[in-house]
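Subject: Structure and what was found in it

Hello,

Here is the structure for you to look through. My notes come after it.

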Amino acid sequence: MPNIYVCNAMLHSLCKDGKLEEADLLFLKMEKKGLLVNDVSYNIIIHSFCKRGKLDEAVSVLGKMLGAGIEATVYPYNMLISGQCKLGKLNEAHALFEEMQRKGVGPTVVTYTSLIDGYSKQKEVEKAFRLYHEMTGKGISPNVHTFTALMYGFAHANMLSEACDVFKKMAEMSVAPNEVTYNVLIEGTCRVGNLTRAFELFDEMVEKGLAPDTFTYRPLIEGLCSKGMVSEAKAFMDNLHKKNHKLNELCYSSLLHGYCKEGRLNEALSARKEMEERGIRMDLICYAIIIQAILDKKDAKLLLGILKEIHDLGMRPDNVVYTSIIDKYGRDGNLEMANAHWELMVDEGFPPNVVTYTAMINNLCKAGFVDKAESLCKEMIFRGINPNGITYGCFLDQLTREGNMGEAIKLHKEMREAFLASTITYNMIIRGFCKLGLIDEALKTLVEMSDNGVAPDCISYSVIMYENCRRGDLGGALRLWESMLEREINPDGIAYNFLINACCAAGEFGKAFELQCDMVKRGLRLTRATYDYLMKCRPENKIR
C-alpha cells in the first residue's frame, strides 16, 4: 500500500476527475489496510460527499474524523455549511456554525458568506443582514461574494433601495463588483420597472471591462417587453447579435412572450425562425408561449403544425402544454377538441395531473355538464390524485350560481374541515347569498370567514355593498365601506365606481365627490359612465 501522501494525491486526483465512487472505495481501502488517515484525507472525502449533496455521509465522516482524535479545522466545516445552505437546510447549517465555534474553530469570510447566501436565497434577509454585521463586528472583511449574496437577498425581498445601499458600501470598501453583482442589481432594477437605471448599470459594467451574459440580457429584454417596448427589445437583441454576443432560448422566450402578449403572432413566428438561423434551439417553454398565442387566434391548423414541429425536433409536448390547450378549448366551449387533446396527451404517455383535471372539471361545470364533472372528479380520486381547493371550488361556484345554497354550504363545510376553504371560496358563498337577496346570511358569512382565520378582501365586501346599493340601502353600503377601510383593505376601481353611482342616485353628491377625490389619490380611474354622472351633478352641488 502506498504511503499516506501518495494515497491523498490519488484521492484528490480521482475527485478532481469526477470519479467519486472510486475515491470512496480507495478511502475505505486505506482505512481497512490500517493506513494512518489524516485530516487531508478526511477533508477530500467530505468535499466529495458535499459535492454530490450527500450531506449526511459527509457529517458522518466529520464525526469519524473527530472520533479518531484529529483536530478539526475550518475547512471541513466550511464545506459542510456551504453544502447544507445549497440544499436549503439552514437549521443544520447554523447548528454546524455553532458547533465549530464551541470547538474553538473560528469562522472565516467563507463561512459567513455561505450562511448569508443561504438565508438570502430563502428570503430570510434579516438573518443574513445580522450575520453581515456580526462578521464585520469581528473584523472579518466581506468580499464580493458576500456583498453579492446580500444584494440578492434584498433585491428578491423587494428591498431594492437596501440592495443599492450595499452596492454603494462595496465601493466605499474598495471591493470591485463582478458580473454576478451587476446581474443581481440589473434584474432587481428591471423588476421594479426602472429600465433607465438598469441600462445605466449595463453600460457601467461594460465600461469596467466586465462581460455581460444571458443572465444580464434576459431581465433587460423582459423589462422592455413588460413596458410594451417589444420592438425596442428586438432592436437591443439584434445589436447584441451584431456584436457577436451570445443569446439563448431564455432571452428569446421573453421576446416571444412580449410579441404574443401584444397579439403579434406573426412576429413571434418570425422570431422563432430567426432562432433557428442563429443556432438557438426552441425549448418547450418557447413553444408553450407560441401555442397559447395560436389558441387565442383559434388557428387549429397552425396549432397542429406546431405540435408536429415539436415532435419532428425529437421533443414531446408535456402535460403543461396539453393542459393549456385543453383548458383553452374548454373555455371556448369546444369540449370535443378539449377531449381530443386529452386523449392525445394520454396516448403520448403524459397522464393528467390535478391541474389538468381541474381545468376540465371547471369547463364541464361552466358548460352545464355537472354530472360529467363529478364523474371526472371521482376518476381523479380513483387514480390517487387528490382534488384541491380549486377543484372543489369549480363545483361550489356552479352551486352558488344555480342558487343551490343548501348544497353549497354543505360542500363548503367539508372544504373547511379539510382546510381547503379560502377567501375565494367564501366570496362564492357571499355572492350566492346576495344573489338570493339574503344579505343577513352574507354578512354572517363575512364574520364567519374572519373567525375562521380567512382574511376577507375587497371583493368580499364589494359583493354585499353592491347588493345594498341595488336595494337602495346606501347607509348599509357605507357602513361596510368604513369597516373595510378600518381593516386596511384597499378598495378597487369597481367598488369606487358603483358606490359613487349609488351616492349620486341617492342625492348624496357631497359623499360622491369625496369618494371621487379619494379614488384619484389612490391612482384609480372613474369609468366613463360614472364620470358623466358626476359631471351632471357638479353644477348644482359645488364642493366648498
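Helices here are DSSP runs of H or I with at least four residues, numbered from the N terminus. The model is a predicted one.

By that numbering, T358 lies in helix α21. With a relative accessible area of 8%, T358 is buried. Leaving aside residues up to four places away in sequence, T358 touches N388, I390, T391 and C394.

W342 and Y357 are both buried.

Other aromatic residues

Searching the whole structure gives 13 aromatic pairs. One of them is Y217 with F236, again edge-to-face, at 6.4 Å centre to centre and 75° between the planes. Because Y217 sits in helix α13 (residues 214-226) and F236 in helix α14 (residues 230-242), this pair ties together parts that are 19 residues apart in sequence. Y217 and F236 are both buried. Elsewhere, one aromatic cluster is formed by F129, Y132, F147 and F154.

Y77 is in helix α5 (residues 74-86). Its relative accessibility is 0%, so Y77 counts as buried. Apart from residues up to four places away in sequence, Y77 touches L62, L66, A72, L96, E99, M100 and K103. Between the C-alpha atoms of Y77 and V463 there are 58 Å, and the two are 386 residues apart along the chain.

Helices

How do helix α18 and helix α19 cross? The axes of α18 (residues 300-312) and α19 (residues 319-331) cross at roughly 170° and come within 13 Å. Angles over 145 degrees count as roughly antiparallel, which is why α18 is described as roughly antiparallel to α19. On the α18 side the contact is made by A300, L303, L307 and H311, and on the α19 side by Y322, I325 and Y329. Of the residues in this contact, six are nonpolar, one is polar and none is charged. As a general point, residues three or four places apart in an α-helix point the same way, because there are 3.6 residues a turn.

Helix α3 (residues 39-51) has 13 residues, so at 1.5 Å a residue it should span 18 Å; the C-alpha atoms at its ends are 18 Å apart, which agrees. The buried residues of α3 are S41, Y42, N43, I44, I45, I46, S48, F49 and C50. After α3 comes G53, with a positive phi near 80°.

Positive phi outside glycine

N244 is not a glycine, yet its phi is positive, at about 65°. N244 is in the loop between α14 and α15 (249-261). Is N244 buried or exposed? Its relative accessible area is 69%, so N244 is exposed.

F419 is another residue other than glycine with a positive phi, here near 60°. F419 is found in the loop between α24 (405-417) and α25 (423-435). At 77% relative accessibility, F419 counts as exposed, the cut-off for exposed being over 50%.

Regards

Key:
Residues numbered from 1 in each chain as written. Predicted model: local features only at pLDDT ≥ 70, side-chain atom pairs only at ≥ 80, totals over all residues. Heavy atoms only, no water. Axes fitted to C-alpha atoms, helices over the stretch in contact; angles between N-to-C directions. Helix = DSSP H or I, 4+ residues; strand = E, 2+ residues; numbered from the N terminus. Parallel < 35°, antiparallel > 145°, perpendicular 65-115°, else oblique. Contact = heavy atoms within 4.5 Å. Nonpolar A, V, L, I, M, F, W, Y, C, P; charged D, E, K, R; others polar. Expected span 1.5 Å × (residues − 1). Buried < 20%, exposed > 50% of the residue type's maximum accessible area, 1.4 Å probe, protein only. Phe/Tyr/Trp six-rings, centres within 6.5 Å; stacked < 30°, edge-to-face > 60°.
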